[in-house]
Amino acid sequence: MPKQCNEGSIRRLPDGTVEVSITGKTSLAGMPDVICDNPEDPEDQRIYRKIFSETPIYLPDEYDKAVREILRTGNDIIVLGANGYSSLTEEKCQAWGVRHGAYEAACESLLYNMVRFIQDHFPGVDIRFAHGASHMGVDGAIIATANALNRPQLGHSCPKFMFYVEDNGIPVYVANTQAEYADAFIESLDILVAANGRKQAFQHDIAAAFEKLKHVIPVNVLRSISDTGGPPAIGADGHIEDAVAAFEQRVHMMAMQLGFTTADRWTELVEHLNATTITICRRLLSPARAFQVTKPA
């Protein structure tokens with residue numbers, strides 16, 4: 001029987017494939033690989049399904065197994081993740097002074113440079129990735145980085161979001177609900193790069209730092225690449241438009257915050273992230289690797 005939840009269900013079929021299903025989510029109609037069992041029924045009763053045959057999927061009660069098999073078996077492992085925008089429309093990009101696609105490209109570049117910087121400072125370090133499993137926005141940037149570096153990665157999702165996940169062989173842990181998925185994602189990490197995003201990203205950041213005791217590095221990617229300064233922290237409707245900007249405005253630290261001092265804001269952002277990450281990694285790695293000396297051949 002499916003593992004029923006209030007946001008859809010998931011089950012492993014006898015042939016080993018995995019099925020996700022949900023009722024009444026008519027926006028899924030016409031999406032690739034999505035099947036509607038009863039298209040003639042009223043919209044709120046239509047059942048939508050998707051089958052995964054290539055992707056290794058861990059069911060809601062298999063979180064520990066997923067983490068053990070993909071993320072935590074080995075020595076001197078650092079698990080990186082990022083949150084931010086899942087997608088930005090052309091209209092939003094234009095309003096915020098950012099070229100369409102630049103945010104995703106910048107996130108990928110930032111993560112790639114971050115990993116290579118860690119590897120250069122700590123040879124032999126085992127970098128792995130956690131993400132939200134979709135190939136959009138910041139998740140897509142993490143997946144592309146993990147693929148380019150050939151590093152292990154574990155996606156995190158829930159039944160209603162699995163309809164947006166490709167059946168491409170990247171392992172995914174599927175929690176019962178969106179809230180449980182977000183909690184599992186944070187639990188999997190060592191370091192979370194907070195790359196803008198809205199309310200959910202803001203809540204992730206708080207949970208990561210204060211409930212899970214994870215290391216959080218806020219980086220205002222959009223401000224560094226925007227011609228106009230990027231989005232406002234709070235929109236006209238009173239909702240968070242940019243979680244990192246909201247942090248900057250409402251979390252007041254005694255230490256100096258990152259303030260761009262040159263015209264090349266992007267380079268300053270990369271250098272800030274790299275330096276901060278090295279400090280964190282030195283605390284997480286074994287002393288032998290954290291303070292190793294490169295001896296001449």
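**Close-ups of a predicted model**

View 1. L213 sits in the loop between α6 (199-210) and β12 (215-218); helices (H or I, at least four residues) and strands (E, at least two) are DSSP runs numbered from the N terminus. This is a predicted model, where local features need pLDDT of at least 70 and side-chain atom pairs count only at pLDDT 80 or more, while totals for chains, interfaces and linings use all residues. Residues are numbered from 1 along each chain as its sequence is written, and side-chain values use heavy atoms, with hydrogens and water left out. Although L213 is not a glycine, its phi is positive, at about 60 degrees. With 67% relative accessibility, L213 counts as exposed (exposed is over 50% relative accessible area, buried under 20%, partly exposed in between; 1.4 Å probe, protein chains only).

**View 2. A buried alanine with positive phi.** A133 is found in the loop between β8 (126-131) and α4. Here too phi is positive in a residue other than glycine, near 80 degrees. A133 has 5% relative accessibility and therefore counts as buried.

**View 3. The ring cluster around Y85.** Ring pairs join Y85, W96 and Y103 into a cluster. Rings of Phe, Tyr and Trp (its six-membered ring) pair if their centres lie within 6.5 Å, with planes under 30 degrees apart called stacked, over 60 edge-to-face and the rest tilted. That rule gives a count of 4 aromatic pairs. One of them is Y85 with W96, a tilted pair at 5.7 Å centre to centre and 45 degrees between the planes. Y85 is in the loop between β7 (77-84) and α2 (90-95) and W96 in the loop between α2 and α3 (102-121), so this pair ties together parts 11 residues apart in sequence. Both Y85 and W96 are buried. Y85 also pairs with Y103: the centres are 5.5 Å apart and the planes at 75 degrees, so this one is edge-to-face. Because Y103 belongs to helix α3 and Y85 to the loop between β7 and α2, the pair links parts 18 residues apart in sequence. Y103, at 1% relative accessibility, counts as buried.

**View 4. Helix α3 against helix α4.** α3 and α4 (residues 137-149) pack with their axes 8 Å apart, at an angle of about 40 degrees; axes are lines fitted to C-alpha atoms, for helices over the stretch in contact, and angles run from 0 to 180 degrees between N-to-C directions. On the α3 side of the contact (heavy atoms within 4.5 Å) you'll find residues including Y103, C107 and L111, and on the α4 side V138, A141 and I142 are among them. The residues of this contact divide into 11 nonpolar, 2 polar and 3 charged (Ala, Val, Leu, Ile, Met, Phe, Trp, Tyr, Cys and Pro are nonpolar, Asp, Glu, Lys and Arg charged, and the others, Gly among them, polar).

**View 5. Helix α1 against helix α5.** The axes of α1 (residues 63-72) and α5 (residues 178-188) come within 12 Å and cross at roughly 35 degrees. Y63, V67, L71 and R72 from α1 meet A184, E187 and S188 from α5. That contact of α1 with α5 has 4 nonpolar, 1 polar and 2 charged residues.

**View 6. I57 and its neighbours.** I57 is part of strand β6 (residues 57-58) and, at 7% relative accessibility, counts as buried. Leaving aside residues up to four places away in sequence, I57 touches I10, R12, V18, F52, E62, M162, V172 and V174. I57 and V172 are 115 residues apart along the chain, yet their C-alpha atoms are separated by 5.0 Å.
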